[in-house]
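Subject: Structure handover

Hello,

Here is the structure that I said I would pass on. My notes on it follow below.

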Amino acid sequence: MPAPVSQPRTLYDKIWDDHVVDVNEDGLALIYIDRHLVHEVTSPQAFEGLRTAGRRVRRTDCTLATVDHNIPTASRKNLTSIESFIEQPDSRAQCQALEENVKDFGLTYFGMKDRRQGIVHVIGPEQGFTLPGITCVCGDSHTSTHGAFGSLAFGIGTSEVEHVLATQTLLQKKGKNMRISVEGKLLEGVTSKDVILHIIGTIGTAGGTGCVVEYAGSVIREFSMDARMSMCNMSIEGGARAGMIAPDDITFAYLRNRPLAPKGEVWDRAERYWRTLKSDEGAKFDIEVNIRAEDILPTVTWGTSPQDVVAITGKVPDPSAIADSQKRKGIERALKYMGLTPNTPMEEITVDKVFIGSCTNSRIEDMRSAARIVLAAGPDAKVSPNVQAMVVPGSGLVKQHAEAEGLDVIFKRAGFDWREAGCSMCLGMNPDQLKPEERCASTSNRNFEGRQGPRGRTHLLSPAMAAAAAITGKLTDVRKFLGVETAPEAKLKVTSDLDFLTDSVLPPPEPQQKTVSASELAADKVLPSAETPSSVPPFRVLKGIAAPLHIENVDTDMIIPARYLKTLKRTGLADALFFALRNDAQTGEKTNFVINREPYTHSKILVSDSHNFGCGSSREHAPWALRDFGILSVISPSFGDIFRNNCMQNGMLPVALPQEQCAVLAKDAEEQKEIEVDLEKQEVRRSNGEAFKFEIDPFRRHCLLNGLDDIALTLQKVDRIEEFEKRRSEVWPWLDGFGYKGTKIPVSPKKTTKIDW
Ligand SMILES: CC(C)[C@H](C(=O)O)[C@@H](O)C(=O)O
Ligand code: SF4
């Protein structure tokens with residue numbers, strides 16, 4: 001509850017304070033979640049958990065579901081059902097499971113036949129589901145996108161998805177405040193994508209770990225909402241779980257008249273509140289980073305981490321010039337994977353594929369920016385003969401909007417493939433994938449090994465740069481296409497998003513404030529006692545062989561590639577663990593990778609001597625795969641935030657120790673000496689008896705030691721949640737279910753009380 005506070009507060013502090021339902025003695029807070037987006041990959045196990053426990057979705061009016069990751073982007077002209085349309089059986093099963101679940105639990109769902117369907121992070125803002133001042137979560141790391149509206153938005157794992165579905169709250173530790181200011185004037189041809197790539201290159205992929213980043217400065221203030229979303233989207237690539245931008249007139253103009261935005265007097269009231277959402281003068285930031293706009297050039301990545309950036313005018317780095325041996329090895333490894341020779345000018349790198357899409361860059365402005373370059377290349381410009389280029393709009397509505405502006409014609413005429421909405425080749429869970437060693441200029445956000453297909457090679461860049469690469473067949477400085485006079489008839493006609501949101505095809509918004517009260521919920525369900533043994537096995541002391549790992553920034557795509565996320569279960573993933581490292585891509589034979597070798601095939605612990613283990617995607621499949629293999633504890637100098645949380649939700653212990661101690665333990669592991677992780681004493685013991693102490697939140701320690709289930713514990717606080725909801729309805733009435741009439745929603749809930757939008 002907002003208490004009278006005299007201290008200057010940051011935007012993050014304010015939103016946080018407004019959402020605290022309860023705080024433990026050790027500072028762990030239960031925060032209320034205003035908006036929950038759900039997709040097919042990270043939700044099946046969560047719904048199954050609800051079913052098993054006999055729980056329902058607490059706030060169907062605050063939950064919105066869609067399919068995006070698995071779906072084909074081929075024409076939907078012949079689409080009758082998911083069953084007949086999706087060929088890959090495991091992709092089909094996940095999409096069908098979501099369709100079942102939204103029916104069973106009474107959720108609003110944008111299916112493949114609904115033109116509002118699209119990537120979760122595109123449709124939330126588009127519909128006005130995302131609003132300033134809210135907390136917003138999704139089982140997806142790029143939920144940070146929604147912070148562009150001045151909200152606290154972050155990705156969570158599947159266990160937390162279940163927690164939010166059941167309780168509409170999350171247990172959270174407050175992060176640090178970080179501010180990144182970009183001041184000055186951007187050079188021609190430099191876009192928000194270049195700005196965020198430059199920032200990640202500056203702070204590194206672990207730079208924002210444990211922080212919520214506020215982007216500030218004149219450059220950010222001048223950015224449109226689409227540009228702000230591209231920036232906040234990639235906060236996770238900078239290690240931060242959330243990024244945010246103070247809402248302003250640009251934000252309000254974007255939101256006004258969106259289907260789910262408040263209307264009339266409620267809008268006025270909301271806007272008055274939203275205008276208070278900015279960091280106070282003198283508010284304290286734990287970390288401040290200042291970037292000069294003039295230092296940013298059109299930027300691309302050369303390696304396999306989003307921090308591996310270089311200006312397009314630059315060259316592939318030369319590892320022989322790097323003194324630090326670990327860094328040098330990292331670069332050598334990345335260059336080998338990328339098939340690049342040191343000192344090659346970036347503009348000489350030829351590409352095989354171009355992908356314009358993903359939740360970073362698939363909005364209308366991204367489409368326009370790419371189309372502008374195609375136009376500037378001349379009326380007869382064609383995609384280079386050696387290149388296959390695809391454009392995948394972020395939602396059915398973006399597609400329709402782009403078509404109304406004739407952008408599809410510009411792309412198609414030049415030989416681009418114009419597709420239907422979805423995540424597509426961003427991670428290739430559908431048929432859109434790179435072949436081994438194919439090189440792609442991609443507007444997505446991750447260039448990890450195997451990200452766009454096994455052994456595929458990714459260069460991240462802006463939509464304009466991607467279009468330029470498609471035409472020339474090489475990574476190209478987009479500025480070569482600027483200042484080119486285009487024929488008057490070739491100029492783009494620009495129309496408003498709202499034309500596509502308010503026409504007769506969409507049901508008009510209808511404010512509705514009915515919610516399931518906590519007492520209603522409690523009445524038909526005896527709450528499980530907190531001390532009831534749950535399915536999470538307790539963790540006390542773990543002794544055994546540890547596998548040493550010497551790779552920096554081990555991302556969750558490396559721990560488990562996307563194609564193994566298509567499961568409906570939490571088990572059976574042992575063979576998928578570190579798949580690309582354990583299996584030779586050419587021969588299919590087992591490699592010499594550490595956990596393939598004796599005695600490490602029996603590892604119970606994994607020791608990384610390098611930072612940022614488990615960064616990237618929120619896939620809980622990463623800890624599930626480790627656990628299935630038999631590894632129950634990971635020791636590393638630092639962890640990706642979501643991965644760390646996900647481990648603890650599964651009775652696994654992530655231990656953060658100083659880098660020197662990790663190096664000592666990794667050496668012990670190399671020598672096949674056993675290591676003992678003792679949670680009770682909070683220490684890691686070497687075989688010679690030396691002990692390294694570690695820190696852990698007291699509450700998390702208690703839960704792990706006793707195998708306690710967070711949901712059962714939270715449901716014991718149902719009175720506090722109900723109290724919060726009552727006040728929320730009074731103070732922020734626009735947050736209760738606004739919405740659709742329901743006529744277009746193709747679901748008929750079976751077991752649950754139906755709450756219409
Ligand atoms: C599938 C999902 C868990 C994942 C994420 O969290 O980011 C995906 O969207 C990705 O981009 O890798
Ligand atoms: S990063 Fe890619 S896969 Fe993940 S949500 Fe965005 S578009 Fe989808």
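I will start with one residue, I156. Leaving out residues up to four places away in sequence, I156 touches V137, G139, V161, L170, S618 and I642; two residues are in contact if their C-beta atoms, placed from the backbone, lie within 7 Å. I156 sits in the loop between strand 7 (152–155) and helix 6 (158–167). Helices (H or I, at least four residues) and strands (E, at least two) are DSSP runs, numbered from the N terminus. I156 is buried, with 29 other C-beta atoms within 10 Å. A residue counts as buried if 20 or more other C-beta atoms lie within 10 Å of its own, as exposed if 12 or fewer do, and as partly exposed in between, with C-beta atoms placed from the backbone. From I156 to R221 there are 65 residues in sequence and 28 Å in space, C-alpha to C-alpha.

Two notes on reading the file. This is a predicted model, in which local features need pLDDT of at least 70 and side-chain atom pairs count only at pLDDT 80 or more, while totals for chains, interfaces and linings use all residues. Residues are numbered from 1 along each chain as its sequence is written, and chains are lettered from A and ligands numbered from 1 in the order in which they are written.

Overall fold

The protein has 26 helices and 27 strands. Its radius of gyration is 25 Å, close to the 27 Å that the globule rule gives for 757 residues, so the protein is as compact as a globular protein of that length. The radius is taken over C-alpha atoms, and the rule is 2.2 Å times the number of residues to the power 0.38. The C-alpha trace spans about 75 × 65 × 60 Å along its principal axes. Of the 757 residues, 56% count as buried. Among contacts between residues at least 6 apart in sequence, 79% join residues at least 24 apart.

Domains

The protein is divided into domain 1 (11–176 + 248–276 + 715–735), domain 2 (298–501) and domain 3 (541–708); these bounds come from an automatic or database domain assignment. The centres of domain 2 and domain 3, taken over C-alpha atoms, are separated by 34 Å. Their contact takes 14 residues from domain 2 and 14 residues from domain 3. On the domain 2 side, the residues divide into 5 nonpolar, 5 polar and 4 charged. Here Ala, Val, Leu, Ile, Met, Phe, Trp, Tyr, Cys and Pro count as nonpolar, Asp, Glu, Lys and Arg as charged, and the others, Gly among them, as polar.

Ligands

Ligand 1 has residues of domain 1 and domain 3 in its shell, so it lies between them. That shell includes H69, D140, H142, L565, S617, S618 and R619, where a residue is near a molecule if its C-beta atom, placed from the backbone, lies within 6 Å of it. By class, the shell around ligand 1 has 3 nonpolar, 7 polar and 2 charged residues.

Domain 1 and domain 2 both give residues to the shell around ligand 2, so ligand 2 lies between them. Among the residues around ligand 2 are D68, H69, D140, H142, S358, C359, C423 and C426. This shell divides into 5 nonpolar, 5 polar and 2 charged residues.

Local points

S358, one of the residues around ligand 2, has a positive phi of about 85° although it is not a glycine. S358 lies in the loop between strand 15 (353–356) and helix 13 (364–376), and is buried, with 28 other C-beta atoms within 10 Å. Q682 also is not a glycine and has a positive phi, near 55°. Q682 is in the loop between strand 25 (675–678) and strand 26 (683–685), and is partly exposed, with 15 other C-beta atoms within 10 Å.

A cis peptide bond joins E598 and P599, with omega about 0°. P599 lies in the loop between helix 20 (579–582) and strand 22 (605–608).

In helix 9 (residues 225–233), 9 of the 9 residues are buried, so helix 9 is largely enclosed by the rest of the structure.

N386 is exposed, with 11 other C-beta atoms within 10 Å, and lies in the loop between helix 13 and strand 16 (388–391). Beyond its neighbours within four places in sequence, N386 is in contact with D352 and G473.

Regards
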